[in-house]
Amino acid sequence: MKHYIIGLLLLSCGIKLGAQSAKEPVFSSPFEFPLILSGNFGEIRSNHFHGGLDFKTQGVSGKKLMALGDGYISRIRVTHGSGYVLHVVYNNGYTTINRHLSGFVTPISQRVEDLQYEKESWEVDITPEPNEYRVKAGQQIAWSGNTGYSFGPHLHLDMFETETDDYIDPLPFFKDRIKDSRPPVALGFMLFPQMGKGVVSGSEKIRKIQLTPEAPIEVWGEIGSGIRAYDYLDGAKNRCGVHTVIFSVDGEEIFRSTVDRFSSYENRMINSWTEGQYMKSFIEPGNTLRMLEAKNGNRGIVTIKEERNYRFSYVLKDVYGNTSRYNFTVKGKKQPIPEVTQKEKYIFVWDKVNYLKEPGLDLLIPRGNLYDNVALNYSVSADSGAIAFKYRLHDKRVPLHTACDIQIGLIRMPVADTTKYYMARINDKGKWIHVGGKYENGFVKARIRELGTYTLGLDTIPPTVIPVNSKNWVNNKKIVYKVKEQQTDIRSYRGTIDGEYALFSLNIMNNQLVCELNPRRVKRGKKHIVEMTVTDSCGNETVVTDTFTW
(Lines give C-alpha, C1' and ligand atoms only; values in the text may rest on other atoms or scores of the structure.)
Protein backbone atom coordinates (compact mmCIF):
# COMPACT_ATOMS: atom_id res chain seq x y z
CA MET A 1 0.00 0.00 0.00
CA LYS A 2 2.88 2.34 0.87
CA HIS A 3 4.47 1.80 -2.56
CA TYR A 4 1.08 2.28 -4.21
CA ILE A 5 0.55 5.65 -2.49
CA ILE A 6 4.06 6.78 -3.41
CA GLY A 7 3.38 5.76 -6.99
CA LEU A 8 0.17 7.76 -7.04
CA LEU A 9 2.01 10.79 -5.63
CA LEU A 10 4.73 10.50 -8.25
CA LEU A 11 2.13 10.06 -10.97
CA SER A 12 0.29 13.11 -9.69
CA CYS A 13 3.51 15.14 -9.71
CA GLY A 14 4.28 13.89 -13.18
CA ILE A 15 0.87 14.96 -14.43
CA LYS A 16 1.32 18.39 -12.87
CA LEU A 17 4.80 18.74 -14.30
CA GLY A 18 3.55 17.63 -17.69
CA ALA A 19 0.69 20.11 -17.57
CA GLN A 20 3.09 22.86 -16.61
CA SER A 21 5.53 22.04 -19.42
CA ALA A 22 2.67 22.01 -21.93
CA LYS A 23 1.78 25.61 -21.11
CA GLU A 24 2.51 28.18 -23.78
CA PRO A 25 5.80 30.03 -23.20
CA VAL A 26 5.70 33.63 -22.10
CA PHE A 27 7.74 36.27 -23.91
CA SER A 28 8.55 39.71 -22.57
CA SER A 29 8.24 42.82 -24.72
CA PRO A 30 11.03 43.69 -27.19
CA PHE A 31 10.65 47.40 -26.33
CA GLU A 32 10.01 49.70 -23.38
CA PHE A 33 7.15 51.51 -25.13
CA PRO A 34 3.65 50.39 -26.24
CA LEU A 35 3.72 47.96 -29.17
CA ILE A 36 2.12 48.85 -32.51
CA LEU A 37 2.50 46.75 -35.65
CA SER A 38 3.08 47.94 -39.20
CA GLY A 39 3.07 44.40 -40.62
CA ASN A 40 1.91 40.96 -39.51
CA PHE A 41 2.79 37.34 -40.16
CA GLY A 42 2.10 35.84 -43.57
CA GLU A 43 1.36 39.03 -45.52
CA ILE A 44 1.49 38.56 -49.28
CA ARG A 45 4.89 39.64 -50.56
CA SER A 46 6.66 39.14 -53.89
CA ASN A 47 7.63 35.44 -54.10
CA HIS A 48 7.43 34.95 -50.32
CA PHE A 49 5.33 35.30 -47.21
CA HIS A 50 6.15 38.05 -44.74
CA GLY A 51 7.88 35.84 -42.20
CA GLY A 52 7.28 37.77 -38.99
CA LEU A 53 5.99 40.90 -37.30
CA ASP A 54 7.02 44.49 -38.06
CA PHE A 55 7.05 46.61 -34.90
CA LYS A 56 6.85 50.38 -35.23
CA THR A 57 9.63 52.21 -33.37
CA GLN A 58 7.97 55.62 -32.97
CA GLY A 59 9.39 56.82 -36.29
CA VAL A 60 13.04 56.75 -35.22
CA SER A 61 16.02 54.41 -35.08
CA GLY A 62 18.08 53.69 -31.98
CA LYS A 63 15.45 52.28 -29.63
CA LYS A 64 16.71 49.71 -27.12
CA LEU A 65 15.88 46.16 -28.24
CA MET A 66 15.39 43.68 -25.42
CA ALA A 67 15.69 39.91 -25.24
CA LEU A 68 12.27 38.24 -25.10
CA GLY A 69 13.40 35.58 -22.63
CA ASP A 70 16.39 33.63 -21.36
CA GLY A 71 18.65 32.11 -24.01
CA TYR A 72 21.71 32.89 -26.10
CA ILE A 73 22.73 34.77 -29.24
CA SER A 74 23.30 32.13 -31.90
CA ARG A 75 24.22 34.17 -34.96
CA ILE A 76 25.32 37.72 -35.81
CA ARG A 77 25.11 39.04 -39.37
CA VAL A 78 25.44 42.20 -41.41
CA THR A 79 23.82 41.99 -44.86
CA HIS A 80 22.80 44.39 -47.59
CA GLY A 81 19.22 43.05 -47.55
CA SER A 82 18.43 42.86 -43.83
CA GLY A 83 21.03 45.24 -42.41
CA TYR A 84 22.25 44.37 -38.92
CA VAL A 85 20.74 41.02 -37.93
CA LEU A 86 20.70 39.15 -34.62
CA HIS A 87 19.54 35.55 -34.04
CA VAL A 88 18.53 34.51 -30.53
CA VAL A 89 17.76 30.95 -29.36
CA TYR A 90 15.49 30.90 -26.31
CA ASN A 91 15.29 28.17 -23.69
CA ASN A 92 11.53 27.74 -24.27
CA GLY A 93 11.90 26.10 -27.70
CA TYR A 94 11.72 29.16 -29.94
CA THR A 95 14.25 31.14 -31.95
CA THR A 96 13.98 34.72 -33.21
CA ILE A 97 15.70 36.72 -35.93
CA ASN A 98 15.80 40.49 -35.40
CA ARG A 99 16.36 42.44 -38.65
CA HIS A 100 17.05 46.03 -39.81
CA LEU A 101 18.87 46.95 -36.59
CA SER A 102 21.05 50.05 -36.37
CA GLY A 103 23.73 48.36 -34.30
CA PHE A 104 24.71 45.76 -31.71
CA VAL A 105 25.67 46.17 -28.07
CA THR A 106 29.28 45.78 -26.98
CA PRO A 107 31.33 43.63 -27.18
CA ILE A 108 29.44 42.29 -30.23
CA SER A 109 29.66 45.60 -32.11
CA GLN A 110 33.46 45.69 -31.84
CA ARG A 111 33.77 42.05 -32.87
CA VAL A 112 31.69 42.74 -35.99
CA GLU A 113 33.70 45.81 -36.96
CA ASP A 114 37.01 44.02 -36.49
CA LEU A 115 35.83 41.16 -38.74
CA GLN A 116 34.60 43.58 -41.39
CA TYR A 117 38.04 45.16 -41.63
CA GLU A 118 39.77 41.78 -41.46
CA LYS A 119 37.71 40.41 -44.35
CA GLU A 120 37.44 43.80 -46.08
CA SER A 121 33.71 43.29 -46.42
CA TRP A 122 30.61 45.05 -45.14
CA GLU A 123 28.73 41.75 -45.11
CA VAL A 124 29.89 39.38 -42.35
CA ASP A 125 28.46 36.32 -40.62
CA ILE A 126 29.43 35.14 -37.12
CA THR A 127 28.27 31.98 -35.32
CA PRO A 128 29.21 32.28 -31.63
CA GLU A 129 29.41 29.35 -29.22
CA PRO A 130 26.12 28.73 -27.34
CA ASN A 131 27.57 29.94 -24.02
CA GLU A 132 29.42 32.91 -25.49
CA TYR A 133 26.59 35.49 -25.38
CA ARG A 134 23.95 34.40 -22.88
CA VAL A 135 20.93 36.72 -22.49
CA LYS A 136 18.18 37.21 -19.91
CA ALA A 137 14.61 38.39 -20.44
CA GLY A 138 14.54 42.19 -20.64
CA GLN A 139 18.28 42.52 -21.28
CA GLN A 140 19.26 44.91 -24.07
CA ILE A 141 20.75 43.07 -27.06
CA ALA A 142 20.76 45.72 -29.84
CA TRP A 143 19.29 48.97 -31.13
CA SER A 144 16.40 49.17 -33.57
CA GLY A 145 17.07 50.70 -36.95
CA ASN A 146 16.28 51.17 -40.61
CA THR A 147 19.13 49.28 -42.30
CA GLY A 148 18.93 47.04 -45.35
CA TYR A 149 15.82 46.78 -47.50
CA SER A 150 13.62 48.84 -45.19
CA PHE A 151 11.03 51.53 -45.89
CA GLY A 152 11.24 53.17 -42.48
CA PRO A 153 12.47 52.65 -38.92
CA HIS A 154 11.07 49.40 -37.51
CA LEU A 155 11.96 46.01 -36.09
CA HIS A 156 11.25 42.95 -38.18
CA LEU A 157 10.94 39.96 -35.84
CA ASP A 158 10.91 36.43 -37.24
CA MET A 159 10.05 33.59 -34.86
CA PHE A 160 10.82 29.92 -35.44
CA GLU A 161 9.99 26.72 -33.68
CA THR A 162 13.54 25.63 -32.88
CA GLU A 163 12.89 21.89 -33.26
CA THR A 164 11.21 22.07 -36.69
CA ASP A 165 12.71 25.35 -37.97
CA ASP A 166 9.21 26.38 -39.09
CA TYR A 167 8.31 30.06 -39.27
CA ILE A 168 5.48 30.62 -36.80
CA ASP A 169 3.20 33.56 -36.08
CA PRO A 170 4.60 35.48 -33.06
CA LEU A 171 1.42 37.56 -32.59
CA PRO A 172 -0.33 35.16 -30.17
CA PHE A 173 2.56 35.71 -27.72
CA PHE A 174 1.99 39.48 -27.76
CA LYS A 175 -1.82 39.62 -27.88
CA ASP A 176 -2.07 41.19 -24.44
CA ARG A 177 0.30 44.00 -25.53
CA ILE A 178 -1.11 44.75 -28.99
CA LYS A 179 -4.66 46.00 -29.50
CA ASP A 180 -6.88 44.84 -32.36
CA SER A 181 -10.62 45.45 -32.48
CA ARG A 182 -10.99 45.65 -36.28
CA PRO A 183 -12.12 42.72 -38.44
CA PRO A 184 -10.55 41.95 -41.85
CA VAL A 185 -11.93 43.81 -44.86
CA ALA A 186 -12.57 42.34 -48.34
CA LEU A 187 -12.05 44.41 -51.51
CA GLY A 188 -13.14 42.01 -54.23
CA PHE A 189 -13.34 38.46 -55.55
CA MET A 190 -11.87 36.50 -58.42
CA LEU A 191 -13.05 33.49 -60.41
CA PHE A 192 -10.62 31.00 -61.98
CA PRO A 193 -12.08 28.83 -64.78
CA GLN A 194 -9.99 25.65 -64.98
CA MET A 195 -8.15 25.07 -68.26
CA GLY A 196 -10.37 23.08 -70.63
CA LYS A 197 -12.89 22.41 -67.87
CA GLY A 198 -14.73 25.65 -67.10
CA VAL A 199 -15.71 29.12 -68.31
CA VAL A 200 -16.81 32.42 -66.80
CA SER A 201 -19.17 34.45 -69.00
CA GLY A 202 -18.05 32.38 -71.98
CA SER A 203 -14.33 32.98 -71.37
CA GLU A 204 -11.49 30.88 -70.00
CA LYS A 205 -9.79 33.99 -68.62
CA ILE A 206 -9.59 34.84 -64.92
CA ARG A 207 -12.38 37.23 -63.97
CA LYS A 208 -12.34 39.89 -61.22
CA ILE A 209 -15.63 40.38 -59.40
CA GLN A 210 -16.66 43.53 -57.55
CA LEU A 211 -17.51 43.30 -53.89
CA THR A 212 -21.17 43.89 -54.74
CA PRO A 213 -21.65 42.76 -58.36
CA GLU A 214 -24.62 44.27 -60.16
CA ALA A 215 -25.83 40.87 -61.37
CA PRO A 216 -24.86 37.20 -60.87
CA ILE A 217 -21.90 36.09 -62.98
CA GLU A 218 -22.69 33.28 -65.42
CA VAL A 219 -20.37 30.30 -65.02
CA TRP A 220 -20.18 26.67 -66.10
CA GLY A 221 -17.94 23.71 -65.34
CA GLU A 222 -15.03 23.64 -62.88
CA ILE A 223 -14.33 27.00 -61.24
CA GLY A 224 -11.97 28.19 -58.53
CA SER A 225 -12.72 31.19 -56.34
CA GLY A 226 -10.49 33.77 -54.68
CA ILE A 227 -10.70 36.86 -52.52
CA ARG A 228 -8.70 40.02 -51.99
CA ALA A 229 -8.78 41.04 -48.33
CA TYR A 230 -6.67 42.73 -45.67
CA ASP A 231 -6.59 43.03 -41.91
CA TYR A 232 -5.98 46.22 -39.93
CA LEU A 233 -4.76 46.60 -36.37
CA ASP A 234 -5.55 49.40 -33.94
CA GLY A 235 -3.24 52.41 -34.02
CA ALA A 236 -1.94 51.88 -37.57
CA LYS A 237 -3.15 52.37 -41.14
CA ASN A 238 -0.96 49.60 -42.55
CA ARG A 239 -2.59 46.77 -44.50
CA CYS A 240 -1.93 43.37 -42.97
CA GLY A 241 -2.58 39.80 -44.00
CA VAL A 242 -5.69 37.81 -43.08
CA HIS A 243 -5.14 34.97 -40.61
CA THR A 244 -8.13 32.76 -41.52
CA VAL A 245 -10.23 32.57 -44.70
CA ILE A 246 -13.19 30.17 -44.90
CA PHE A 247 -14.91 29.65 -48.26
CA SER A 248 -18.32 27.99 -48.54
CA VAL A 249 -20.79 27.25 -51.33
CA ASP A 250 -24.49 27.01 -50.47
CA GLY A 251 -23.59 26.76 -46.78
CA GLU A 252 -21.05 23.93 -47.17
CA GLU A 253 -17.44 24.68 -46.31
CA ILE A 254 -15.21 24.06 -49.32
CA PHE A 255 -11.84 25.51 -48.35
CA ARG A 256 -9.97 27.04 -45.42
CA SER A 257 -6.63 28.82 -45.10
CA THR A 258 -4.96 29.39 -41.73
CA VAL A 259 -1.81 31.50 -41.85
CA ASP A 260 0.01 30.30 -38.75
CA ARG A 261 3.20 28.53 -39.87
CA PHE A 262 5.25 27.57 -42.91
CA SER A 263 8.68 26.15 -43.70
CA SER A 264 11.42 27.66 -45.83
CA TYR A 265 10.60 25.07 -48.48
CA GLU A 266 6.94 26.16 -48.51
CA ASN A 267 7.71 29.87 -48.64
CA ARG A 268 7.72 30.21 -52.42
CA MET A 269 4.39 28.37 -52.65
CA ILE A 270 2.76 31.73 -52.04
CA ASN A 271 3.06 32.08 -55.83
CA SER A 272 0.66 29.17 -56.24
CA TRP A 273 -1.79 30.29 -53.55
CA THR A 274 -2.05 33.89 -54.74
CA GLU A 275 -2.84 35.76 -57.94
CA GLY A 276 -1.45 39.22 -57.36
CA GLN A 277 -3.07 40.28 -54.09
CA TYR A 278 -5.92 37.74 -54.38
CA MET A 279 -5.86 34.60 -52.23
CA LYS A 280 -7.11 31.49 -54.02
CA SER A 281 -9.71 29.37 -52.28
CA PHE A 282 -8.49 26.20 -53.95
CA ILE A 283 -5.23 24.28 -54.08
CA GLU A 284 -3.25 23.71 -57.25
CA PRO A 285 -2.14 20.07 -57.54
CA GLY A 286 1.58 20.77 -57.05
CA ASN A 287 1.07 23.00 -54.02
CA THR A 288 1.69 21.27 -50.67
CA LEU A 289 1.42 24.36 -48.47
CA ARG A 290 0.16 23.19 -45.07
CA MET A 291 -1.77 26.41 -44.45
CA LEU A 292 -4.35 25.34 -47.02
CA GLU A 293 -7.12 22.78 -46.51
CA ALA A 294 -9.69 21.72 -49.11
CA LYS A 295 -12.87 20.10 -47.82
CA ASN A 296 -14.71 18.96 -50.97
CA GLY A 297 -12.40 16.26 -52.35
CA ASN A 298 -11.57 18.35 -55.42
CA ARG A 299 -8.88 20.69 -54.08
CA GLY A 300 -11.52 23.36 -53.41
CA ILE A 301 -12.55 23.55 -57.08
CA VAL A 302 -16.31 24.05 -57.42
CA THR A 303 -18.22 22.16 -60.13
CA ILE A 304 -21.08 24.22 -61.58
CA LYS A 305 -23.28 21.74 -63.44
CA GLU A 306 -26.83 22.92 -62.69
CA GLU A 307 -28.59 25.95 -64.15
CA ARG A 308 -29.32 27.72 -60.90
CA ASN A 309 -27.84 30.28 -58.52
CA TYR A 310 -24.90 29.25 -56.32
CA ARG A 311 -24.22 31.23 -53.14
CA PHE A 312 -20.49 31.82 -52.58
CA SER A 313 -19.64 32.90 -49.01
CA TYR A 314 -16.51 34.03 -47.20
CA VAL A 315 -15.73 34.29 -43.49
CA LEU A 316 -12.57 36.24 -42.58
CA LYS A 317 -11.00 36.10 -39.11
CA ASP A 318 -7.92 37.54 -37.43
CA VAL A 319 -5.87 36.19 -34.52
CA TYR A 320 -8.11 38.03 -32.04
CA GLY A 321 -11.30 36.47 -33.40
CA ASN A 322 -12.58 39.63 -35.09
CA THR A 323 -14.78 38.35 -37.92
CA SER A 324 -16.34 39.64 -41.15
CA ARG A 325 -18.58 37.94 -43.73
CA TYR A 326 -19.06 38.46 -47.45
CA ASN A 327 -21.33 36.83 -50.05
CA PHE A 328 -21.85 36.91 -53.80
CA THR A 329 -23.85 34.84 -56.27
CA VAL A 330 -22.78 33.00 -59.39
CA LYS A 331 -25.34 31.73 -61.86
CA GLY A 332 -25.02 28.30 -63.41
CA LYS A 333 -25.54 28.82 -67.13
CA LYS A 334 -24.73 26.04 -69.60
CA GLN A 335 -22.22 27.28 -72.18
CA PRO A 336 -19.54 25.71 -74.38
CA ILE A 337 -16.12 25.01 -72.84
CA PRO A 338 -13.28 25.35 -75.39
CA GLU A 339 -10.96 22.39 -75.71
CA VAL A 340 -7.20 22.76 -75.20
CA THR A 341 -5.73 22.77 -78.70
CA GLN A 342 -2.09 23.39 -77.84
CA LYS A 343 0.62 21.19 -79.36
CA GLU A 344 1.72 18.52 -76.91
CA LYS A 345 5.30 19.79 -76.61
CA TYR A 346 3.97 23.15 -75.45
CA ILE A 347 1.92 21.67 -72.62
CA PHE A 348 3.93 21.43 -69.40
CA VAL A 349 2.62 18.91 -66.86
CA TRP A 350 3.02 19.69 -63.16
CA ASP A 351 4.04 16.19 -62.00
CA LYS A 352 6.50 15.35 -64.80
CA VAL A 353 9.90 16.44 -66.07
CA ASN A 354 9.33 19.07 -68.78
CA TYR A 355 11.82 19.78 -71.54
CA LEU A 356 11.53 22.34 -74.33
CA LYS A 357 14.04 22.33 -77.16
CA GLU A 358 13.79 24.90 -79.95
CA PRO A 359 16.43 26.36 -82.31
CA GLY A 360 18.71 28.37 -80.00
CA LEU A 361 16.80 27.40 -76.84
CA ASP A 362 16.97 24.61 -74.27
CA LEU A 363 14.81 24.62 -71.13
CA LEU A 364 14.67 21.87 -68.50
CA ILE A 365 12.12 21.95 -65.67
CA PRO A 366 12.55 19.07 -63.21
CA ARG A 367 9.52 17.38 -61.70
CA GLY A 368 8.03 19.26 -58.76
CA ASN A 369 8.76 22.77 -60.03
CA LEU A 370 5.32 23.50 -61.49
CA TYR A 371 2.23 23.88 -59.32
CA ASP A 372 -0.23 23.15 -62.15
CA ASN A 373 -0.32 22.26 -65.85
CA VAL A 374 0.61 25.08 -68.23
CA ALA A 375 -0.36 25.41 -71.89
CA LEU A 376 2.46 27.61 -73.16
CA ASN A 377 1.72 30.57 -75.38
CA TYR A 378 5.13 30.18 -76.98
CA SER A 379 6.64 32.45 -79.61
CA VAL A 380 10.04 33.56 -80.86
CA SER A 381 11.02 36.88 -82.45
CA ALA A 382 14.10 38.92 -83.30
CA ASP A 383 14.77 42.65 -83.20
CA SER A 384 17.03 44.25 -85.77
CA GLY A 385 20.60 44.14 -84.53
CA ALA A 386 19.79 41.80 -81.61
CA ILE A 387 22.44 39.34 -80.48
CA ALA A 388 19.85 36.64 -79.72
CA PHE A 389 16.25 35.78 -80.43
CA LYS A 390 13.58 36.83 -77.96
CA TYR A 391 11.88 33.72 -76.55
CA ARG A 392 8.41 34.12 -75.08
CA LEU A 393 7.97 30.92 -73.10
CA HIS A 394 4.54 32.09 -71.93
CA ASP A 395 2.62 35.35 -72.15
CA LYS A 396 1.93 35.25 -68.42
CA ARG A 397 4.41 34.99 -65.57
CA VAL A 398 4.48 31.42 -64.21
CA PRO A 399 6.57 31.08 -61.03
CA LEU A 400 8.63 27.93 -60.59
CA HIS A 401 9.27 26.39 -57.19
CA THR A 402 13.05 26.21 -57.60
CA ALA A 403 15.51 27.50 -60.17
CA CYS A 404 15.68 25.65 -63.50
CA ASP A 405 18.29 25.46 -66.27
CA ILE A 406 17.91 27.42 -69.49
CA GLN A 407 20.32 28.24 -72.28
CA ILE A 408 19.91 30.65 -75.18
CA GLY A 409 22.17 30.78 -78.22
CA LEU A 410 23.88 33.87 -79.60
CA ILE A 411 23.11 34.72 -83.24
CA ARG A 412 26.01 37.17 -83.42
CA MET A 413 28.93 38.19 -81.17
CA PRO A 414 29.87 41.89 -81.47
CA VAL A 415 32.68 41.53 -78.89
CA ALA A 416 35.15 38.70 -78.29
CA ASP A 417 35.02 38.98 -74.48
CA THR A 418 32.35 36.41 -73.59
CA THR A 419 32.00 37.72 -70.01
CA LYS A 420 30.07 40.69 -71.39
CA TYR A 421 27.04 38.61 -72.44
CA TYR A 422 24.18 38.03 -70.04
CA MET A 423 20.62 36.74 -69.95
CA ALA A 424 17.66 39.00 -69.23
CA ARG A 425 13.97 38.58 -68.55
CA ILE A 426 11.68 41.10 -70.25
CA ASN A 427 8.75 42.07 -68.06
CA ASP A 428 5.26 43.19 -69.10
CA LYS A 429 6.45 46.79 -69.41
CA GLY A 430 9.33 45.87 -71.69
CA LYS A 431 11.97 46.39 -69.02
CA TRP A 432 15.03 44.11 -69.13
CA ILE A 433 15.77 42.44 -65.79
CA HIS A 434 19.22 40.93 -65.37
CA VAL A 435 19.15 37.17 -64.77
CA GLY A 436 22.85 36.40 -64.99
CA GLY A 437 24.34 33.53 -66.89
CA LYS A 438 27.64 32.28 -68.23
CA TYR A 439 28.80 31.86 -71.83
CA GLU A 440 29.59 28.35 -73.03
CA ASN A 441 29.94 27.02 -76.58
CA GLY A 442 27.81 29.67 -78.28
CA PHE A 443 25.14 29.75 -75.56
CA VAL A 444 24.54 31.73 -72.39
CA LYS A 445 23.43 29.37 -69.64
CA ALA A 446 21.49 30.59 -66.61
CA ARG A 447 19.04 29.56 -63.91
CA ILE A 448 15.52 31.01 -63.92
CA ARG A 449 12.65 30.86 -61.41
CA GLU A 450 9.72 31.76 -63.62
CA LEU A 451 8.41 31.29 -67.13
CA GLY A 452 8.23 34.50 -69.12
CA THR A 453 10.13 36.19 -71.96
CA TYR A 454 13.92 35.83 -72.14
CA THR A 455 16.75 37.01 -74.38
CA LEU A 456 20.44 37.89 -74.24
CA GLY A 457 22.10 41.25 -73.73
CA LEU A 458 25.57 42.77 -74.05
CA ASP A 459 27.02 44.94 -71.30
CA THR A 460 30.29 46.77 -71.93
CA ILE A 461 29.39 49.95 -70.05
CA PRO A 462 30.89 50.36 -66.55
CA PRO A 463 28.81 51.61 -63.62
CA THR A 464 28.51 55.32 -62.90
CA VAL A 465 29.92 56.39 -59.52
CA ILE A 466 29.10 59.94 -58.39
CA PRO A 467 30.20 61.66 -55.15
CA VAL A 468 27.18 62.96 -53.21
CA ASN A 469 27.45 66.39 -51.56
CA SER A 470 31.22 66.03 -51.13
CA LYS A 471 31.52 69.53 -49.68
CA ASN A 472 29.69 68.32 -46.58
CA TRP A 473 31.47 65.00 -46.14
CA VAL A 474 33.46 66.31 -43.20
CA ASN A 475 30.55 68.13 -41.53
CA ASN A 476 28.32 65.08 -41.88
CA LYS A 477 31.15 62.70 -40.99
CA LYS A 478 30.13 60.57 -43.97
CA ILE A 479 31.58 59.84 -47.38
CA VAL A 480 28.74 59.10 -49.82
CA TYR A 481 28.73 57.89 -53.43
CA LYS A 482 25.76 57.25 -55.69
CA VAL A 483 26.07 54.16 -57.89
CA LYS A 484 24.12 53.69 -61.12
CA GLU A 485 24.18 50.50 -63.19
CA GLN A 486 22.03 50.54 -66.30
CA GLN A 487 21.99 46.93 -67.50
CA THR A 488 23.11 44.32 -65.00
CA ASP A 489 23.82 44.42 -61.24
CA ILE A 490 26.62 45.56 -58.95
CA ARG A 491 28.86 42.55 -58.28
CA SER A 492 31.39 44.15 -55.93
CA TYR A 493 32.74 47.41 -54.56
CA ARG A 494 35.79 48.41 -52.54
CA GLY A 495 36.72 51.73 -51.00
CA THR A 496 40.04 52.91 -49.60
CA ILE A 497 41.20 56.01 -47.75
CA ASP A 498 44.90 56.79 -48.16
CA GLY A 499 45.37 53.33 -49.62
CA GLU A 500 43.87 51.53 -46.60
CA TYR A 501 40.59 49.63 -46.73
CA ALA A 502 37.60 51.79 -45.74
CA LEU A 503 34.33 50.27 -44.54
CA PHE A 504 31.53 51.29 -46.93
CA SER A 505 27.98 50.04 -46.62
CA LEU A 506 25.71 49.65 -49.65
CA ASN A 507 22.28 51.17 -49.07
CA ILE A 508 20.19 49.16 -51.52
CA MET A 509 17.18 51.47 -51.08
CA ASN A 510 18.95 54.37 -52.79
CA ASN A 511 22.06 52.70 -54.29
CA GLN A 512 24.41 54.72 -52.14
CA LEU A 513 27.79 53.69 -50.75
CA VAL A 514 28.34 55.23 -47.32
CA CYS A 515 31.42 55.35 -45.10
CA GLU A 516 31.06 56.69 -41.56
CA LEU A 517 34.24 58.65 -40.77
CA ASN A 518 35.79 57.11 -37.67
CA PRO A 519 38.73 58.92 -35.98
CA ARG A 520 40.06 55.53 -34.87
CA ARG A 521 40.42 54.55 -38.52
CA VAL A 522 41.03 57.90 -40.26
CA LYS A 523 43.53 60.37 -38.82
CA ARG A 524 42.40 63.94 -38.26
CA GLY A 525 44.14 67.13 -39.36
CA LYS A 526 45.24 66.15 -42.84
CA LYS A 527 44.16 65.81 -46.42
CA HIS A 528 42.96 62.36 -47.41
CA ILE A 529 42.53 60.53 -50.71
CA VAL A 530 39.49 58.31 -51.09
CA GLU A 531 39.27 55.80 -53.93
CA MET A 532 36.15 53.82 -54.84
CA THR A 533 36.12 50.85 -57.22
CA VAL A 534 32.78 49.45 -58.39
CA THR A 535 32.39 46.39 -60.64
CA ASP A 536 29.21 45.17 -62.33
CA SER A 537 28.11 41.59 -63.06
CA CYS A 538 29.83 41.57 -66.47
CA GLY A 539 33.17 42.71 -65.05
CA ASN A 540 32.96 46.35 -66.16
CA GLU A 541 34.80 48.45 -63.62
CA THR A 542 34.78 52.10 -62.58
CA VAL A 543 37.41 53.74 -60.34
CA VAL A 544 36.92 57.25 -58.95
CA THR A 545 39.25 59.27 -56.74
CA ASP A 546 38.40 62.25 -54.53
CA THR A 547 40.01 64.20 -51.71
CA PHE A 548 38.79 65.64 -48.42
CA THR A 549 40.39 67.29 -45.39
CA TRP A 550 39.37 65.79 -42.06
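Predicted model: local features only at pLDDT ≥ 70, side-chain atom pairs only at ≥ 80, totals over all residues.

Q: Which residue in strand 32 stands opposite S379?
A: Strand 31 pairs with strand 32 (residues 390-392) in the antiparallel sense, over 3 bridges. Within strand 32, the residue standing opposite S379 is R392.

Q: Which strand gives the most to the lining of the second largest pocket?
A: The pocket has a volume of about 900 Å³, and 26 residues line it, with R45, H48, H100, Y149 and F151 lying nearest its centre. Strand 3 (48-49), strand 4 (52-56), strand 8 (94-101) and strand 13 (154-161) each supply at least two lining residues. The top contributor, with 3 residues, is strand 13.

Q: How many residues apart are E253 and K295, a pair that links distant parts of the chain?
A: Their side chains meet in a salt bridge, 2.8 Å from N to O. E253 sits in strand 19 (residues 252-258), while K295 is in the loop between strand 23 (292-294) and strand 24 (302-304).

Q: Is E266 buried or exposed?
A: E266 forms a salt bridge with R290, and the closest N and O atoms are 2.8 Å apart. R290 lies in the loop between strand 22 (278-280) and strand 23, and E266 in the loop between strand 20 (261-262) and helix 3 (270-273), so the pair ties together parts 24 residues apart in sequence. R290 is partly exposed at 47% relative accessibility. E266 has 4%, and the cut-off is under 20%, so E266 counts as buried.

Q: Which residues are linked with E266 and R290 in a network of salt bridges?
A: The model's salt bridge count comes to 26. In the network, E266 and R290 are joined by E161, D166 and R261.

Q: What is the relative accessible area of R308?
A: The side chains of R308 and E306 meet in a salt bridge at 2.7 Å, N to O. E306 counts as partly exposed at 40% relative accessibility. R308 is partly exposed too, with a relative accessible area of 33%.

Conventions: Residues numbered from 1 in each chain as written. Heavy atoms only, no water. Pairing = 2+ DSSP bridges. Helix = DSSP H or I, 4+ residues; strand = E, 2+ residues; numbered from the N terminus. 1 Å grid on protein atoms, 1.4 Å probe; cavity = no way out; pocket = protein on both sides within 12 Å on 5 of 7 lines; lining within 4 Å. Points joined across faces, edges and corners; volume = space filled by probe spheres on them. Salt bridge = Lys/Arg side-chain N within 4 Å of Asp/Glu carboxyl O. Buried < 20%, exposed > 50% of the residue type's maximum accessible area, 1.4 Å probe, protein only.
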